[in-house]
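Please open the structure in your viewer and keep the selection tool at hand.

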Amino acid sequence: MAMHDNEGNYYSAEFHRNMTIGVILAAQDTTVSALTWFFWLLATRPEIQTNILKELESIRARREPENRQKFAYTYEEIRDMQYLHAAISESMRLYPPAPTTSRSCSGDDVFPDGTFVEKGSVVIYNAYAMARMEKLWGENCCEFRPERWLGQDDISGGLVFKPENPYKYPIFNGGPRMCVGIDIGYIQMKYIAASLIERFEISLEDKERVPQISFWFTIGMKGGLPVTIQLRKTTT
């Protein structure tokens with residue numbers, strides 16, 4: 001079935017099929033990579049895990065009494081997980097699922113700083129290196145600090161997630177090539193992370209081990225992430 005958008009542009013059934021497959025399957029490896037590094041960082045910073053648990057408890061407390069013991073989260077509740085959203089974003093800043101991205105220049109162009117880019121040139125940027133640049137993220141650029149993503153809401157006065165310029169934080173690309181699955185990706189990661197953190201205590205088998213990075217299309221962790229998982233005592 002072909003479709004037209006509001007501007008009258010024609011999109012074939014094949015286009016929609018390819019787009020759907022891309023959204024569902026393309027993020028599979030990147031989501032796994034992002035969550036692996038997230039849980040490693042979380043295991044090294046128990047106070048951040050505590051803050052996430054407090055947020056989840058607050059969300060659960062707003063439910064009707066008969067629904068407070070249900071583990072499943074609604075779409076609205078996932079959207080309300082501001083601190084968890086910040087923690088996942090900060091983890092991906094330090095360990096971007098796709099650490100490098102390349103683009104081929106289809107025609108002569110000029111960067112905003114005046115640099116000339118000739119047609120056929122390949123331009124590569126390294127999001128992993130950008131995360132460790134003080135001029136972009138400050139002196140604490142190498143630290144895992146979810147708070148850098150939080151700011152005060154003008155209406156409620158509470159802390160809410162404040163997104164960064166996508167060209168400073170190019171995890172999902174930017175401009176016309178902005179990842180179409182960004183919202184789905186965050187929903188998946190937040191749902192999985194919240195469900196695991198609330199139900200289980202996850203600790204590293206070797207607390208002294210600093211994982212080695214395996215650079216490929218995605219940023220892998222050599223040897224995986226050996227952990228011990230126990231049911232939380234507060235779970236009922």
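Predicted model: local features only at pLDDT ≥ 70, side-chain atom pairs only at ≥ 80, totals over all residues.

Residues are numbered from 1 along each chain as its sequence is written, and side-chain values use heavy atoms, with hydrogens and water left out.

**The whole chain**

Show the chain as a cartoon, and you can look for 8 helices and 12 strands; these are DSSP runs numbered from the N terminus, with helices being H or I of at least four residues and strands E of at least two. Taken along the principal axes, the C-alpha atoms fill a box of roughly 60 × 50 × 40 Å. Of the 236 residues, 34% count as buried, where buried means under 20% relative accessible area, exposed over 50%, and partly exposed in between, with a 1.4 Å probe and protein chains only. Among contacts (heavy atoms within 4.5 Å) between residues at least 6 apart in sequence, 63% join residues at least 24 apart.

**The largest pocket**

Next, select Arg-103, Phe-111, Val-123, Tyr-125 and Tyr-167, which are the closest to the centre of the largest pocket among the 22 residues that line it. The volume of this pocket is about 900 Å³. On a 1 Å grid over the protein atoms alone, a pocket is an open set of points with protein on both sides within 12 Å along at least five of seven lines, a cavity is a set where a 1.4 Å probe fits but cannot get out, and lining residues have an atom within 4 Å of a point. Grid points are joined across faces, edges and corners, and a volume is the space filled by probe spheres set on the points.

Colour strand 6 (122-126), which gives the largest share of the pocket lining, 3 residues. By class, the lining holds 13 nonpolar, 5 polar and 4 charged residues; Ala, Val, Leu, Ile, Met, Phe, Trp, Tyr, Cys and Pro count as nonpolar, Asp, Glu, Lys and Arg as charged, and the others, Gly among them, as polar.

The structure holds 2 cavities of 30 Å³ or more. For the largest, with about 40 Å³ of space, select its lining, which includes Arg-93, Trp-137, Lys-168 and Tyr-169. That lining has 7 nonpolar, no polar and 2 charged residues.

For the second largest cavity, with about 30 Å³ of space, select Phe-39, Leu-42, Ala-43, Gln-49 and Ile-202. Helix 2 (residues 28-44) gives the largest share of this lining, 3 residues.

**The loop between strand 8 and helix 8**

Is Tyr-169 buried or exposed? Select Tyr-169 in the loop between strand 8 and helix 8; Tyr-169 counts as buried because its relative accessibility is 8%. Leaving aside neighbours within four places in sequence, Tyr-169 is in contact with Ser-89, Met-92, Arg-93, Trp-137, Trp-149, Glu-164 and Tyr-186.

Move on to Asn-173, which is found in this loop between strand 8 and helix 8 and has a positive phi of about 65° although it is not a glycine. Most residues other than glycine have a negative phi.

Cys-179 also belongs to the loop between strand 8 (159-161) and helix 8 (182-199), and UniProt lists Cys-179 for "binding site" in an unreviewed entry. UniProt positions are given in the numbering used here, feature names are shortened, and annotations may be inferred rather than shown by experiment. With a relative accessible area of 32%, Cys-179 is partly exposed.

**Into helix 8**

Finally, select Ile-184 in helix 8, which is partly exposed with a relative accessible area of 40%. Then select Ala-193, also placed in helix 8, which is buried with a relative accessible area of 0%. Not counting residues up to four places away in sequence, Ala-193 touches Phe-38, Phe-39 and Leu-84.
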